[in-house]
Amino acid sequence: MGEVYRARDAKLGRDIAIKVLPADVADDPEARARFEREAFSVAALSHPNILSIFDFGQDKGVSFAVTELLEGETLRAKVAAGALPARKAADYAEQIARGLAAAHSRGVVHRDLKPENLFVTKDGFVKILDFGLARRTPTGRNETSIETIGALTEPGVVLGTVGYMAPEQVRGEPADARSDIFSFGAVLYEMLSGQRPFRRDSPAETMTAILRDEPPEMPPGTHRGSPALERIARRCLEKDPEARFQLARDLAFALEAVGETPPARAAAARPTGEASGGRRSVAVLFFKDLAANPENAHIGLGLTDSTITELALVRSLLVRPTAAILRYRDRAVTPEEAGRELGVDAVVDGSFQRSGTRLRVTVQLIATSDGRSLWGTKIDTTLDDIFKMQDEVSRRIAQALEVELSPADERRMAHASRPSGEAYELYLKGRSYLLSDTVEGTKEAITAFERAYDLDPHFALALVGLASAYTRMGF
């Protein structure tokens, strides 16, 4: 319904794109209304994975929108040749999920997500296009509402593209963020398998399949050895909205855990402005065992995981989750390189030596921008006193980043779990076993968590570990 021209912004000296309504639809009130809705929907958003709009208006009866110029090709062109490599599919999927999360956080539901509306630039960035069917939903921010297509259509009207619509859209019911997640699942399935999950001979049969059928098993080898990605796609494609991922943000975290985001895109996706609330950001790399003893692998993981947990108690800090740094477990990388890839201000780089129950822990905080050491220390401790050590480390890191601990932060840190050293080490072993992502490893994890809980019935993290292990057994 639009024609797009390449143009030159003489004032700012940059190439841009201008989208106009073609003459044959310019007199159609609904076409003009949809065009305007798209402009307002996109203008409410600002994210690296969403097309940016610079201007909108009319000139001599011609409705136009000025946007950034994209060079590359649509995702449809990418998947036309067949399935994508798993790593590339995971990268594209994570970017799409982050763009959707930004839109949903502003109350904008796309409602027409498909490969034709996803553009891959020459630099590998994915941009979500065409918010013409977007619908604004309440976000609790007291924003000024704009009239969207949701307010202009009658109940029971089917909106979207056959093959990518969620079951509730097929039935003409209201669509919400989880409907976009279903459409996302169809796109991810197609990237992994090279085929649409519900494709049939006619639109009516396709819509029936969306309502009744499960996506077929992917041919062996099409998802390039990444069953985790297929599980994510199938969860998105659940018929019941309650059974899908409920938030695109959680979907992005799940994809991040199985993918590996290239450095440039990680930096572009770094939270800024309103999204980060002006907070400083930090990542914790795996603590290295200087003795390289495989029997102490769980200690390195545990120090890392618990430091992340402790820092996350500081509300004014953004801390990358454990899943985000798994890629660095067996990979040699400098702290500043990891910081750039993860898009954070600073990186915690640590090591340890163990002798019986005693530990000597070395911790440094490295600035991502220039590799400077912002703070460092050596601490002698035991597994029983490790929490006291982590309290001190967390406070010193916050100070080095010029983050002030609020009274609420202090209370949260003071009331964090303090189990016995033996129970805690069993918990760390359970966490380490879970990373194997195998049935055998998960069984070992369950045993470790149960033993930890038997030793300390007040150790809540042991129960959390059990819950995680049993959930994985279900998969």
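## Helices α6 and α9

Helix α6 and helix α9 (residues 248-258) pack with their axes 11 Å apart, at an angle of about 25°. An angle under 35 degrees counts as roughly parallel, so α6 is roughly parallel to α9. The crossing of these two helices is right-handed. This description, like the rest of the report, rests on a predicted model.

On the α6 side, the residues that meet α9 are I181, F184 and L188. Their partners in α9 are A248, L251 and L255. The residues of this contact divide into six nonpolar, no polar and no charged.

## The chain as a whole

The chain has 475 residues, and buried residues make up 49% of them. It contains 19 helices and 15 strands.

Contacts can also be sorted by how far apart the two residues are in sequence. Taking the contacts with a separation of 6 or more, 64% are between residues 24 or more positions apart.

## Helices α18 and α19

Helix α18 covers residues 439-455 and helix α19 covers residues 460-474. They pack at an angle of about 155°, and their axes are 9 Å apart. Angles over 145 degrees count as roughly antiparallel, and α18 and α19 are therefore roughly antiparallel to each other. α18 passes α19 in a left-handed crossing.

From α18, the contact is made by V439, T442, K443, I446, F449, E450, A452 and Y453. From α19, the residues are A462, L463, G465, L466, A469, Y470, R472 and M473. Sorted by type, the residues of this contact are eleven nonpolar, two polar and three charged.

## Aromatic pairs

The count of aromatic pairs comes to four. F182 lies in helix α6 (residues 177-193), while F198 lies in the loop between α6 and α7 (203-212), so the pair ties together parts that are 16 residues apart in sequence. F182 and F198 are both buried.

Y427 and F459 form a pair of another kind: the ring centres are 5.5 Å apart and the planes are at 65°, so the pair is edge-to-face. Y427 lies in helix α17 (residues 421-434) and F459 in the loop between α18 and α19, so the pair ties together parts that are 32 residues apart in sequence. Y427 has a relative accessible area of 7% and is buried. F459 is also buried, with a relative accessible area of 1%. One aromatic cluster is formed by Y424, Y427, F449 and F459. Of these, F449 is also one of the α18 residues in the contact with α19.

## Residue T304

T304 is placed in helix α12, which covers residues 297-312. Is T304 buried or exposed? The cut-off for buried is under 20% relative accessible area; T304 has a relative accessible area of 0%, so T304 is buried.

Which residues does T304 touch, not counting residues up to four places away in sequence? They are V284, L285, F286, F287 and I325.

How values were computed:
Residues are numbered from 1 along each chain as its sequence is written. This is a predicted model: local features need pLDDT of at least 70, side-chain atom pairs count only at pLDDT 80 or more; totals for chains, interfaces and linings use all residues. Side-chain values use heavy atoms; hydrogens and water are left out. Axes are lines fitted to C-alpha atoms, for helices over the stretch in contact, and angles run from 0 to 180 degrees between N-to-C directions. Helices (H or I, at least four residues) and strands (E, at least two) are DSSP runs, numbered from the N terminus. Angles under 35 degrees count as roughly parallel, over 145 as roughly antiparallel, 65 to 115 as roughly perpendicular and the rest as oblique. A crossing is left-handed if the near helix is turned anticlockwise from the far one by less than a right angle, and right-handed if clockwise. Contact means heavy atoms within 4.5 Å. Ala, Val, Leu, Ile, Met, Phe, Trp, Tyr, Cys and Pro count as nonpolar, Asp, Glu, Lys and Arg as charged, and the others, Gly among them, as polar. Buried means under 20% relative accessible area, exposed over 50%, partly exposed in between (1.4 Å probe, protein chains only). Rings of Phe, Tyr and Trp (its six-membered ring) pair if their centres lie within 6.5 Å; planes under 30 degrees apart count as stacked, over 60 as edge-to-face and the rest as tilted.
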